[in-house]
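Welcome! Take a moment to look at the chain below, and then we will walk through it together.

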Amino acid sequence: MSDSAEDFIRREVGKLLRVDYRGKFMCAPCLVKQTVETWGTAVYTRGQIERALDGVFRSPGALRRLHAFVCDRCGKTTPCLTATPARSGLSA
Ligand SMILES: [Zn+2]
């Protein structure tokens, strides 16, 4: 069950970061907030969304995780996700 939540969140967060938040950096709490605003909690509860995002941060796949970066939404320096392609000379 948590697997499908994670798949869903992974897909939606990926879309969000490639389209609406293209080139932006988002931290986990802001991504949770954004997902809840977009989808509500009818499909997945807030807890499921938080856990799913945890999984996405642990293994970001096609996305990039930065250990400490300024979130474009809340302005905090915190681990963030982005879909910005890796640039040469920039390593994790
Ligand atoms: Zn944030």
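Read along the sequence, the chain follows the pattern α-β-α-α-β-β, which amounts to three helices and three strands. These elements are DSSP runs numbered from the N terminus: helices are H or I runs of at least four residues, and strands are E runs of at least two. Keep in mind that this is a predicted model, in which local features need pLDDT of at least 70 and side-chain atom pairs count only at pLDDT 80 or more, while totals for chains, interfaces and linings use all residues. Residues are numbered from 1 along each chain as its sequence is written, and side-chain values use heavy atoms, with hydrogens and water left out.

**The zinc site**

Which residues hold the zinc ion? The protein donors are Cys-27, Cys-30, Cys-71 and Cys-74, each through its SG atom, lying 2.3 Å from the ion. Donors here are N, O and S atoms within 2.8 Å of the metal (3.2 Å for Na, K and Ca); water is not among the atoms, so sites may look incomplete. The four donor atoms subtend angles of 106 to 114° around the zinc ion, which makes the arrangement tetrahedral; for four donors, that label asks for all angles between 85 and 135 degrees. The ideal tetrahedral angle is 109.5 degrees.

In sequence, the donor residues are spaced C-x2-C-x40-C-x2-C. Cys-27 belongs to strand β1 (residues 26–27) and Cys-71 to the loop between β2 (64–70) and β3 (77–82), so this pair ties together parts that are 44 residues apart in sequence.

**What is buried**

Buried means under 20% relative accessible area, exposed over 50%, and partly exposed in between (1.4 Å probe, protein chains only). Of the 92 residues of the chain, 37% count as buried. Here are three of the buried residues:

| Residue | Relative accessible area |
|---|---|
| Cys-27 | 2% |
| Thr-35 | 6% |
| Cys-71 | 2% |

Thr-35 lies in helix α2 (residues 28–39). Leaving aside residues up to four places away in sequence, Thr-35 touches Ile-9, Val-13, Gly-40 and Ile-49, where contact means heavy atoms within 4.5 Å.

**The chain as a whole**

Among contacts between residues at least 6 apart in sequence, 57% join residues at least 24 apart.

Notes:
Tetrahedral: all angles 85-135°; square planar, octahedral: opposite > 155°, others 65-115°.
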